[in-house]
Amino acid sequence: MEIVRELVRAHEYWRMKRFDVDLVILNERPPSYDQDLQTALEALVRANRARPHSDGEGARGTVFVLRADLVSVEVRRLLQTVARAVLLSRRGTPPSRSNVWM
């Protein structure tokens, strides 16, 4: 969750600087009846959206939270292809050079 919090804050900063940035969070935890992680991720993103933004016109860009089990292999490859950076939280926090694909 910590890397997601940092990335959501970074996304807000990029929007303040009027960068058009989409942030895609792919939850790879297997689905279960108890979806605490997915619920927590969605709540974090919702809370950030609810905060007032002082950017008037504002930059475009959204935070998406996707469940990996609902995303096809083709779509995952497409997301990785168009991404400027891919951070893998399973490799630890904070992100180091070895955790980023560019």
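**Close-up views of a predicted model**

**View 1. Strands β1 and β2, side by side.** Val24 stands opposite Phe64 in β2. The model is predicted. Strand β1 covers residues 23-27, and strand β2 covers residues 63-67. The two strands pair in the parallel sense, over five bridges. β1 has two faces. Leu23, Ile25 and Asn27 make up the covered face. Val24 and Leu26 make up the uncovered one.

**View 2. The largest nonpolar core.** Ten residues form this core. They are Ile3, Val4, Leu7, Val8, Leu23, Ile25, Leu41, Val45, Val63 and Val65. α1, β1, α2 and β2 each supply at least two of the core residues. The largest share comes from α1, with four residues. Leu23 and Ile25 belong to the core, and both also sit on the covered face of β1.

**View 3. Val65 and its contacts.** Val65 is one of the ten residues of the largest nonpolar core. Residues up to four places away in sequence are not counted here. Beyond them, Val65 touches Ile25, Leu41 and Val45, along with Gln38 and Glu42. Ile25, Leu41 and Val45 are core members too.

View 4. Glu2, Arg5 and Arg9 are linked in a network of salt bridges. The side chains of Glu2 and Arg5 meet at 3.5 Å, N to O. Those of Glu2 and Arg9 meet at 3.7 Å, N to O. Helix α1 spans residues 2-16. Glu2 and Arg5 are separated by about one helical turn, because they lie three residues apart in this helix. Glu2 is partly exposed, with a relative accessible area of 38%. Arg5 counts as partly exposed at 34% relative accessibility. Arg9 is also partly exposed, with a relative accessible area of 48%.

**View 5. The Arg67–Asp69 salt bridge.** The structure holds four salt bridges. One of them joins the side chains of Arg67 and Asp69 at 2.6 Å, N to O. Arg67 has 22% relative accessibility, so it counts as partly exposed. Asp69 counts as partly exposed as well, at 40% relative accessibility.

**View 6. Pro31 beside the Arg67–Asp69 pair.** Pro31 lies in the loop between β1 and α2 (36-50). Neighbours within four places in sequence are left aside. Pro31 is then in contact with Arg67 and Asp69, whose side chains meet in a salt bridge. Pro31 and Asp69 are 38 residues apart in sequence. In space they are 7.5 Å apart, C-alpha to C-alpha. Pro31 counts as partly exposed, at 45% relative accessibility.

**View 7. The largest pocket.** This pocket has a volume of about 1,200 Å³. Its lining holds 31 residues. Closest to the centre are Val24, Ile25, Ala85, Val86 and Leu87. Ile25 is also a member of the largest nonpolar core. Val24 is on the uncovered face of β1.

**View 8. Elements that line the largest pocket.** β1 gives the most to the lining, with five residues. At least two residues each come from α1, β1, α2, α3 (73-82), β3 (86-87) and β4 (100-101).

Terms used: Residues numbered from 1 in each chain as written. Predicted model: local features only at pLDDT ≥ 70, side-chain atom pairs only at ≥ 80, totals over all residues. Heavy atoms only, no water. Buried < 20%, exposed > 50% of the residue type's maximum accessible area, 1.4 Å probe, protein only. Pairing = 2+ DSSP bridges. Contact = heavy atoms within 4.5 Å. Core = buried A, V, L, I, M, F, W, Y, C linked by side-chain atoms within 4.5 Å. 1 Å grid on protein atoms, 1.4 Å probe; cavity = no way out; pocket = protein on both sides within 12 Å on 5 of 7 lines; lining within 4 Å. Points joined across faces, edges and corners; volume = space filled by probe spheres on them.
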